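Dear colleague,

I am handing over the structure below, and I would ask you to keep it open while you read the notes that follow it.

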Amino acid sequence: MEKFRPVLDFIVNHQKVLGYGAVSLLTAGSERIFSVVVFKCPCNSWNMLYGGMFLLMPALILLLLGSLLSVRSWKVLTGCCSKGRPCRCPRGNRLQRHLQVMGLAILSAAVAPLTWISVALLGGSFYECTATGTPILQKYVCKGEGEEEECLKTLVKVPCLSPTSPSSELEILATLRAQSQVFGWILIASIFTVALLTTCIAHCRSPVSVLQLAFWKVYLQKEQQLFETMAKEHASKLAERNLKSFFDSTELEPFQTPSAKAWDNISSLFAFNPKDNCYSMIHKYVSKKSQSGSIKSAEGDIYPSCLQFVDGANVEVQIL
């Protein structure tokens with residue numbers, strides 16, 4: 001087992017990057033299967049709609065699915081309009097914090113959609129079908145042609161050409177494929193450039209050192225593991241007490257469990273405060289539960305971008 005320890009440590013330390021890589025590979029493989037097995041350009045007036053659907057609709061579905069599975073988004077939305085609590089928009093720093101968290105949730109969910117679009121553009125099939133049905137391209141290609149109507153009929157059939165087709169039509173197909181691949185590489189380069197810049201800016205504005213950040217991530221991982229273990233034990237004891245009282249027809253024994261207010265406090269979004277040096281909302285709650293006032297906000301709270309992982313490191317949310 002010790003021989004595999006370096007491999008296990010590498011997986012644990014880079015689980016976020018490996019997770020994104022696995023999602024990207026699965027998405028790329030799915031796109032290739034769709035383009036080869038399912039996609040068949042109609043080569044008529046339906047080209048733009050059909051090709052656009054295959055290019056963008058799966059990306060939209062993947063974005064919605066990623067948002068649905070995001071822990072961050074549900075921390076913001078859960079209970080925001082519950083009965084007895086007015087449904088109103090947060091203001092000031094809380095509004096900024098909510099928008100920041102939702103933005104990060106959308107960015108995390110956008111990995112699979114952007115991978116789909118990038119791989120689809122590099123393949124070229126979806127773009128070729130969509131472009132030949134686009135009125136702007138049709139007017140550009142057929143401008144100055146003697147028989148414009150005949151040119152339009154020929155253009156929509158370009159994605160279905162065979163290698164023995166006229167060279168002029170094959171040239172149009174090659175140009176469209178080249179355009180698609182250029183757009184694909186531009187999109188990929190833009191994604192990595194934005195990711196690099198945002199990561200650099202976030203770390204440059206970090207209020208803590210790199211070693212404290214490393215310790216922080218280790219702490220959150222251990223806290224999550226212990227939370228899940230103790231939550232199962234606590235729930236098991238509570239269920240056992242209730243069932244014992246039911247089947248034995250006895251009075252309920254006293255049982256200490258966190259209040260609804262306590263759950264609400266530890267479920268709120270994390271705000272870093274240099275004065276208290278807390279590493280999570282549970283840490284902040286147990287440190288300040290004897291004090292009056294809310295732990296959700298305090299004077300001096302800041303929301304560094306490099307600490308956004310705190311809100312995404314809590315116990316998995318069961319939503320399905």
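In this predicted model, helix α7 (residues 125-132) and helix α10 (residues 167-204) have axes that come within 9 Å of each other and cross at roughly 120°. Angles over 145 degrees would count as roughly antiparallel and those from 65 to 115 as roughly perpendicular, and α7 and α10 are therefore oblique to each other. Their crossing is right-handed. On the side of α7 the contact is made by S125, Y127, E128, A131 and T132, while α10 contributes L173, L176, R177, Q179, S180 and F183. Sorted by class, the residues in this contact of α7 with α10 are 5 nonpolar, 4 polar and 2 charged.

Turning to α7 itself, is this helix mostly covered or mostly open? The helix is mostly covered, with 7 of its 8 residues buried, and these buried residues are F126, Y127, E128, C129, T130, A131 and T132.

The protein chain has a mean pLDDT of 81, and 83% of its residues reach 70 or more. Among the elements of the chain, the lowest mean pLDDT, 50, belongs to helix α1 (residues 5-13), whereas the highest, 92, belongs to helix α11 (residues 210-248). Over residues 316-320 the pLDDT is below 50, although this stretch has 9 contacts in the model beyond near neighbours in sequence.

With best wishes

Notes:
Residues are numbered from 1 along each chain as its sequence is written. This is a predicted model: local features need pLDDT of at least 70, side-chain atom pairs count only at pLDDT 80 or more; totals for chains, interfaces and linings use all residues. Side-chain values use heavy atoms; hydrogens and water are left out. Axes are lines fitted to C-alpha atoms, for helices over the stretch in contact, and angles run from 0 to 180 degrees between N-to-C directions. Helices (H or I, at least four residues) and strands (E, at least two) are DSSP runs, numbered from the N terminus. Angles under 35 degrees count as roughly parallel, over 145 as roughly antiparallel, 65 to 115 as roughly perpendicular and the rest as oblique. A crossing is left-handed if the near helix is turned anticlockwise from the far one by less than a right angle, and right-handed if clockwise. Contact means heavy atoms within 4.5 Å. Ala, Val, Leu, Ile, Met, Phe, Trp, Tyr, Cys and Pro count as nonpolar, Asp, Glu, Lys and Arg as charged, and the others, Gly among them, as polar. Buried means under 20% relative accessible area, exposed over 50%, partly exposed in between (1.4 Å probe, protein chains only). pLDDT is the predictor's confidence in each residue, from 0 to 100.
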